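Visitor: Please put the structure on display. I will then ask about it, one point at a time.

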Number of protein chains: 4
Amino acid sequence: MFVTHKGVMRMVKIGILGATGYTGFELLKVFRRHPEAEIVFASSETYAGQRYSQVYPCSYDEVLVSPDEAPLGDADVVFLCTPHGASAVLAQRVLDAGARCIDLSADFRLRDAAVYGAWYHTHPVPSLLPEAVYGLTEIYRRQVAAARLVANPGCYPTGPLLALQPLLQQGALADERIIIDAKSGVSGAGAKPSPTTHFCTVSDNFSAYNVGHVHRHTPEIEQELSAYAGRPMRIVFSPHLLPVSRGILSTIYVRTVSGWDLPRIVEAWERAYAGEPFIHVLPQGSLATLAHVVNTNRCALSVASAGAEGEYIIITAIDNLLKGASGQAVQNMNAMFGLDETYGLLA
Amino acid sequence: MFVTHKGVMRMVKIGILGATGYTGFELLKVFRRHPEAEIVFASSETYAGQRYSQVYPCSYDEVLVSPDEAPLGDADVVFLCTPHGASAVLAQRVLDAGARCIDLSADFRLRDAAVYGAWYHTHPVPSLLPEAVYGLTEIYRRQVAAARLVANPGCYPTGPLLALQPLLQQGALADERIIIDAKSGVSGAGAKPSPTTHFCTVSDNFSAYNVGHVHRHTPEIEQELSAYAGRPMRIVFSPHLLPVSRGILSTIYVRTVSGWDLPRIVEAWERAYAGEPFIHVLPQGSLATLAHVVNTNRCALSVASAGAEGEYIIITAIDNLLKGASGQAVQNMNAMFGLDETYGLLA
Amino acid sequence: MFVTHKGVMRMVKIGILGATGYTGFELLKVFRRHPEAEIVFASSETYAGQRYSQVYPCSYDEVLVSPDEAPLGDADVVFLCTPHGASAVLAQRVLDAGARCIDLSADFRLRDAAVYGAWYHTHPVPSLLPEAVYGLTEIYRRQVAAARLVANPGCYPTGPLLALQPLLQQGALADERIIIDAKSGVSGAGAKPSPTTHFCTVSDNFSAYNVGHVHRHTPEIEQELSAYAGRPMRIVFSPHLLPVSRGILSTIYVRTVSGWDLPRIVEAWERAYAGEPFIHVLPQGSLATLAHVVNTNRCALSVASAGAEGEYIIITAIDNLLKGASGQAVQNMNAMFGLDETYGLLA
Amino acid sequence: MFVTHKGVMRMVKIGILGATGYTGFELLKVFRRHPEAEIVFASSETYAGQRYSQVYPCSYDEVLVSPDEAPLGDADVVFLCTPHGASAVLAQRVLDAGARCIDLSADFRLRDAAVYGAWYHTHPVPSLLPEAVYGLTEIYRRQVAAARLVANPGCYPTGPLLALQPLLQQGALADERIIIDAKSGVSGAGAKPSPTTHFCTVSDNFSAYNVGHVHRHTPEIEQELSAYAGRPMRIVFSPHLLPVSRGILSTIYVRTVSGWDLPRIVEAWERAYAGEPFIHVLPQGSLATLAHVVNTNRCALSVASAGAEGEYIIITAIDNLLKGASGQAVQNMNAMFGLDETYGLLA
């Protein structure tokens, strides 16, 4: 329950635009377990008029509405599970209708419209950029709580940013270049069928794609790392496609300045994330795996020596559909409405 | 090497129409290993002009031609890896050009144009039906060897037919109804992307589809079983989709007439298939698995008691892309040109 | 909260013996979400003294106790995740300590000690058999609620029994013999490493095992079906091993007496299970898949025509570790303590 | 056929010690296809006296002998698929019996007994180290051809060494430190069941292990890289476990000296490996995947920009059981007996 500005206590009313992609489906599952929120609409262009159980094998009988008929103003908050480009326009419409907005697309993650333009296309609604809050909850909780418009982080950035923020902020890292070797499950590519996501392409296979400095999550990661470090940071980013549905594991190669060793890194995380329900700092000697996080909203953090003084390998894992998308979105929503952040989510 | 009608000894010249589906790709792999055949063309509507290695991750540099430019007359035999409907028309064109034809589609499997019409659509070239030979090599070897036009069997029918033919022919089975609970890998659904074949749909999942008397392989199985039995046979056919790329395992429930027991069934198979390189009759106590056959042209046969006298469970397995499609097609080609049937194939 | 016999309202206190197998791990996950229960001990012979997070990749810090040191009397109810044979002896000890007992092994599922003896070994504690309640919650809810000792059903039986009970009870089925072609995920084989459960054995493979009338769940299914039908029922039971971790899908071949058709079967289920949170009756035309149920406590029920009048194919799916084991066990516990049956479970 | 020293032309006679591990099974499969070799014995301690088809699902009827009864002297060459430590002792016995020896264990890969001692244990037969040839065929072909004792390379080293040798030899690389982020299929862990290789542990999971400078393939890679570079090289090595049975993909981060760019790297490979049947240099813009190599003896090489001048990401893939073990072993054997290197192997 939250208290409205009129002093009324009631359930948070939720709208979902683009509800039949994987992040939309995940939101529905999360809200099934959420004790203080109720879905007032879920929209789909393709499946409008059908029940949700006709789209995915599940028991949800919600009838999907067309986006144009979605009663935006009936919701306290609307989740945008729509493609970049489209999301920005819808965000404006949602805000105009008086609802708050959590955008799961990339449209408001880059603070600089020029950077957005270089990696995507001309930003459709740059006027909204200044007020958008980057929704990495543990780092920007205060701003998120107050935001009208939250830019939910990308799936790849979430783990590395949570791992590196405490280190960069304390000046622990020596280089301005960081190698992130990331491996993602297939749901990260979305529900749209393509030769790339065909079972026979993915099964028994493993492949890299968009390696180097090409993937669109690159500028998002660099923007945040630079902000945490207070100086320009650069990444080498190698995404790979795992033959699993869910989960991202990132293997990160760093060098520390002198005075930092394994216990100090672990301790820095433990201090930074003390009391955080979703951050799981593994003890020295243990490494994060997908099994630590899949089907939960957790982010697992771990570190090992790279074999020479001051050289470390950080390994971090999340479920890309939860902490990397819909889970973190609900965590943000919980923060925005003063609810327990774990509502609807597995810690 | 085979001896042409002009008495010349040379490699068999192969053409492939529709070479970029899974059965086409499999043919290319088989012909890489085949000592006495060479590919003279491989066609693709979508990828004409590209090298094969641009379509699939492989090292094949064959340049794909458009089907209209395929030099049909240069081939001794053309494999049709094209959809039903289209195949029948192409078969006529291939025969007119003087080549023999092995059709991997369903167009010539049903002997009766009316049955074809009931399950598919009006047959495009019914005049070719009488000369088409059903290419279940072990059963119709003599006819295959002499054929101009071979209808390569469907993937689901191959295993059950090989298992049941010796039993039906000897009058071993009591009922006119047989239950076939079949489980297939995803490659059976073809290379075309769809929600059904998306990795996230198939992985960690298992589902039935077209169960009962609905799947288009039903009349093909019933046609053959009835022919072997000399009386009308009926099947209950339940296809399921396995989260694997390749392989079909069929669990078949039968009742025998008196006088038949486990050893006699095994012995009937051993006798019927003595000397057959691709039929693997498992000893009593062992059950066929996909691992017995995947990546080979083998069909594994096994049987167990169903717990009561005269009740048996037959389990048979093949690789759907090899013995269930391209492998059997090459086995047929080998028979047609007087070559060792194992050429290019793993026994 | 439940009211103790002393009139005190408090959380249900839970003990788990054998907590490091897959069903034990699943219980821990369920109780993490359960609002009105708390774990007072979790035991393990092998891992006593270690934290749970050292056994499985998770964030649970419960320290495992040795079974001999488990404070049985501190618990309101003890879950036995121990092997058959051992469970019966432990059940007696639990009851003697004053706790109620939910046994996930086979020890109390068969009402007749002689049948148990024929399929397992001499029953260790036959004196407890008369009071044990077979914990198929939807069918035996009233008895479960009052029970001191619940025999939690086997994973394979649960789906077929829930599907067939309403039909048998109404006399809908014609034959005394029913074919159940069942396919299970690997977790059903337990956590103990063996060549059979090695990743390389299972992946890309599919196999049958213990087919016919051999698997130990056979007498359990026959006992229940016979009870529902009021006459002796016999099954042909073919378990298969799927390359997935979780889930059982059963394809069941039945013949009905006249007067039954598809809509009537669906309607019989809908009526029998009206208001049941965990029974998902699919509309005609839809078939149950693992995706409908995995990670939930649901049982999905569906039916299709087998192609001839009065012949049907019933397809039912559950998650073997939830509705087929730990989920149903907690559902039973909720019933035993007057709690909402969905507590801790996804409906 | 090869010509013996007595001038006789005949098949190469093969012995396999430790034939029931994964590399032994793979050798049997390869020799099924090999036109000029025959197996004279295959041994197993555990399964002596049984047919091969009782150990693995296959149609091989070879009867396994106990290692003590293996007629070593009947073989021209014996493959050791035995554990390190044991292999060294057996190698001596094989050579004493007059056969040549290809050891698939680690016992003769490290030239320096002290290094071996530091990473394994005291070397059991250091006297054989000087004559052992490191069997990376493309690099040491001449020495392999003449060798009595070949140390078959480890699975992880093979790909990176083939990728880096031409670059290091030409002085292309700037740093003495190279990061190798490697991902392997489960068969690399061997056939012995363990919690680590349980299907439920691996499926839907992805994990790192022995990262940094800990894995035993580290000194083997450093020994070779240093030899190619003519100066000491150091690696950061991060092995990961993929949920696939076969294949290793290595993502390698390098910096070049000035004058090197993408086309020059590709060209260096093409020149170094011109005519090599098993090296597949991908064109610029394509990245190696497991699908390029699984079930073949190929090594795929590819490279992409890391986003800044002189920074590159090299991606190389092999099938760990073929080019990374048994395939390369047979390639070595073919070289040792003057046979076509592709015999028995898919190029």
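Visitor: How many salt bridges are counted between chain A and chain D?
Guide: This is a predicted model, in which local features need pLDDT of at least 70 and side-chain atom pairs count only at pLDDT 80 or more, while totals for chains, interfaces and linings use all residues; side-chain values use heavy atoms, with hydrogens and water left out. Residues are numbered from 1 along each chain as its sequence is written, and chains are lettered from A and ligands numbered from 1 in the order in which they are written. A salt bridge here is a side-chain nitrogen of Lys or Arg within 4 Å of a carboxyl oxygen of Asp or Glu. By that rule, the count between chain A and chain D is six.

Visitor: Which residue forms a salt bridge with Lys183(A)?
Guide: Side chains of opposite charge can pair when their charged atoms come close. For Lys183(A), the closest N and O atoms are 3.0 Å apart, and the partner is Asp181(D).

Visitor: Which strand gives the most to the side of chain A that touches chain D?
Guide: The two chains have 20 residue pairs in polar contact, both residues being at pLDDT 80 or more (a pair of N or O atoms within 3.5 Å; within protein, one must be able to donate a hydrogen and the other to accept it, and residues adjacent in sequence count only if both atoms are side-chain atoms). Elements giving two or more residues to this side of chain A include strand 11 (234-241), strand 12 (248-255) and strand 15 (311-318) of chain A; strands (E, at least two residues) and helices (H or I, at least four) are DSSP runs numbered from the N terminus. With five residues, the one that gives the most is strand 9 of chain A.

Visitor: Which three residues supply 18% of the area that chain A buries against chain D?
Guide: Contact (heavy atoms within 4.5 Å) takes 37 residues from chain A and 37 residues from chain D. The area buried, meaning the accessible area (1.4 Å probe) that two parts lose on being put together, summed over both, is about 2800 Å², with 62% from carbon and sulfur atoms. The 18% share of chain A, more than any other three residues supply, comes from Phe206(A), Val211(A) and Tyr253(A).

Visitor: Which residues of chain B lose the most area to chain A?
Guide: Here 18 residues of chain B are in contact with 18 residues of chain A. The two chains bury about 1400 Å² between them, 68% of it on carbon and sulfur atoms. Together giving 46% of what the chain B side buries, the residues that lose the most are His198(B), Phe199(B) and Cys200(B).

Visitor: How many residue pairs are in polar contact between chain B and chain A?
Guide: Across this interface the rule finds zero salt bridges. Polar contacts, with both residues at pLDDT 80 or more, do occur, and the count of pairs is six.

Visitor: Which are the edge strands of the open sheet of six strands in chain B?
Guide: Strands pair if DSSP finds at least two bridges between them. In chain B the six strands are in the order 4-3-5-6-8-7, with parallel pairing. Pairing on one side only, the edge strands are strand 4 (37-42) and strand 7 (133-134) of chain B.

Visitor: What residue stands opposite Ala208(B)?
Guide: Chain B also has an open sheet of seven strands with mixed pairing, in the order 10-11-9-12-15-14-13. Strand 10 and strand 11 (residues 234-241) of chain B run antiparallel and are joined by two bridges. In strand 11 of chain B, the residue opposite Ala208(B) is His240(B).

Visitor: How many salt bridges does the structure hold over all chains?
Guide: One salt bridge joins the side chains of Glu26(A) and Lys29(A) at 3.7 Å, N to O. Both residues lie in helix 1 (residues 22-33) of chain A, three residues apart, about one turn of the helix. Over all chains, the number of salt bridges is 68.
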